[in-house]
Each structure stands twice: as C-alpha cells, then as structure tokens.
Amino acid sequence: MRLTRSTYLSQPSSVSLLASLPLVVTIAAGILTQNAFATHDDSITHKGHNHPRVYGALEDDAAHGLERYEPEFTGADRSIIGRAGEVTPALANNAPGILDISPNASQYWTFPSATLFGPNSPQTSGLPSNFEGQNVTVIPDAAGEIELYISLTTCLQPLAKDPDQYAAPDQLMLYISISSNNQQPDEDNNDYAVLLDGGFGWLNISVKDDVYLGVYAPANEGYEGVYNYQLTASIDGFYASSYSDPNLYFIDSDTNSALLYTMNTTSTTNSSNSTFQQWMTRPPVFSLFVQNQENTSILGLQNSVCGLQNLAQIQGLPDVETVMTAAGDGLPKQQFHVMNLNGSSKYYAILAMIGNSTDQGSGVVGGGGTVWNLTNITTKHC
C-alpha cells in the first residue's frame, strides 16, 4: 500500500509492490540562473487553484541570498538561455535541471506553455505485470489544462562541521507560481510550496500556461558545502518517485551477512503462467542500498536515488548478491544476500529501482528512479 511517508508528504495509495509506481520520461537539457528567497509553515500550501494534488510540506527558514550562474549543460541553446542573469532557464519535458546551490540562496526556472502542450515523451518497455498508475498519454482536460508532474531530488547536501553532529541539514524548499505576474516565487509570494522529505519532494497540478519554479537552500549554520539537486517537470508522469512502504522483508542474519526479500511481484503461484515466468527469467528489477546506522551521512537523502548512489556504503557487487526466487510461498520475489557486514551492528536497508528497471536517465520513462522506505536490519553477535 502506498502511504504517506510522513504527516507532510501524502501520496496516492497502491495495491502491491508495484502498484501506483509512477514512471516518467526524461530528455536532456538543464540550464540555470539567479536570485533569492525562503520559507516555512506547517504543511503544504496552495493558493488560488481549485484542483492541485500537492506532496510535501512547509516549514520556516531564514533569510534569502542571491546567486547567479553561467550554464554548462549539453543541449542548452544560447538562444534559450541568453547571457547569465538575463533569462530564467526553461526546463524541457522530462529533462532534469541539475545544479549546485549554496546555502541561503535561490535559483529560478520555468516550464513554458509551449512545452506543456508539446509532444509527450516516448514510452519504454514495461514490467511483466500491468499495474495501477502506469503512464498513459496525457491530454488536455475540458478546461484546456494539462496535468504537470514536478519532482525535486537532492543528490548532495552540506556536511556538519562538528563531527559529533548527527542531524541532517535542513531540506531544500520548492516554490511554484502559475502567474506571469510572479516569475520568481518565494516564501511570501507563491501558489504552492513544497518542503522535501529525505531529499525528495513532488507535486502535480493542472495548468494551462507557463509555470515558474524557485528552489531555495536554507542557511544551515554549522554546516559547510553545497546542495546538488535535480528538478524535473513532465507532462507524462513523475520522473522520480518515493514510497512510504519499505516493500522489503528482513528474513535472517548471521554475524556478517543478512538475507532480505522484496514483496511478491505477482499473485500467481502457477509456474507455467507467462507472467510468473517473465518475472522469474528477467534480470532483477530492484537494487538495494545498505548503510551502517552509526554513519548518518545518508540521512536527509534517504528518499533520493541519486543521494543513495552518492553516499550509501554498500550498493551492489561484491557486497550484495541478488536473484529472483519463489521460495517460501511459491510467489515470485527478489532476494538479496548482503555480505561483509559487521557483527552486532544495526543497518539501514533501502530498496530502490534505478530508472525504470530497463533504462535510466535522459529520455527514459521513470528515468529518475524510485525509492521505498528504509528497513532496519541487525547482525548477530560475534
């Protein structure tokens, strides 16, 4: 079941491991630019719009700063960007804008109406089972509006100066305006505000004109370094996703290894069934990230695929072996054998899908990947 990850991040419900898994496409392009703002409240807010669905939350932050940038992205046309400080960069459909941002600074983007009513991105091959929430072509509604899917993912965050400080820095904020009269939305003037949770935030709204977006990095006293993020807008579905269910079972451990299963990928135990066979014979769909709980570097990024790829201690071979199995109840599932762990230790285990399981990144449906909630595992005493 797809549940809220916290009281601030509500999401649609799902029926199984794969239910409601939004897939999105990406095409290359990122660009950048200027300026300043901040925010905070207790919950996600929206103003003057009748039918948004917003995921995220709002909290109070400090003063704002100003940064200007010169873009260095492949595929970025100078006619689009202009000189630094002149033109707010435009996001292309499913093309993440990827930037560093310093604390106490803001950066602004736009998603033009020409792209909003432009062509959908191509779909890629799906998984063996059909599931609720799979992407379909989006068309304007009766009011001439398009559903726009926006995701913001943090890939890096500032580090604490004090080695005994284990708390994560404050999360990035995302502000959205649907009015041409407010092209630099901030804490005090926005239509929607989203606080990231664990390095991830999203919303979807119905719109029919240019959309303006602002990313704000809080000041974070006692930390040093920059944030790095991926901001994506799409008319096809979410580029990246995060779920509050772990969808992972801790089965057993010894002093230096652990065994885990995903939830079942289909409900049939008939081994001659074509869906059963496809799940059992295809390459494994999911990836596993593992972190010793004494190392808190992933906290604040635990809902972000790129954050886990940058910082997780254990990911893939030679420390993680995985296969499809029908052990136990006779239903297909993915098994993970995690090795080289320390005895008498606690770990976080986080299930993820890299891209859409068949491809990732630019031009790919669901190219930003998906993360499920963390699971606690413990090794036995030495």
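**Close-up 1. Burial of cysteine 155 and cysteine 306 in the predicted model.** Cysteine 155 is buried, and cysteine 306 is buried as well. In this predicted model, the two residues form a disulfide.

**Close-up 2. Geometry of the disulfide between cysteine 155 and cysteine 306.** The structure holds one disulfide. The sulfur atoms of cysteine 155 and cysteine 306 lie 2.1 Å apart, within the 2.5 Å cut-off for a disulfide. The torsion about the S-S bond is about -85°, so the disulfide is left-handed.

**Close-up 3. Strand 16 (residues 287-292) and its burial.** Strand 16 has six residues, and five of them are buried. The strand is thus described as mostly covered.

**Close-up 4. Pairing of strand 16 with strand 20 (residues 346-353).** Six bridges connect strand 16 and strand 20, and the pairing is antiparallel. Asparagine 292 has tyrosine 347 of strand 20 as its bridge partner.

**Close-up 5. Pairing of strand 16 with strand 17 (residues 314-315).** Strand 16 also pairs with strand 17 in the antiparallel sense, here over two bridges. Opposite valine 290 stands isoleucine 314, a residue of strand 17. Strand 16 therefore has pairing contacts with strand 17 and with strand 20, as two strands pair if DSSP finds at least two bridges between them.

Definitions and conventions:
Residues numbered from 1 in each chain as written. Predicted model: local features only at pLDDT ≥ 70, side-chain atom pairs only at ≥ 80, totals over all residues. Heavy atoms only, no water. Buried < 20%, exposed > 50% of the residue type's maximum accessible area, 1.4 Å probe, protein only. Helix = DSSP H or I, 4+ residues; strand = E, 2+ residues; numbered from the N terminus.
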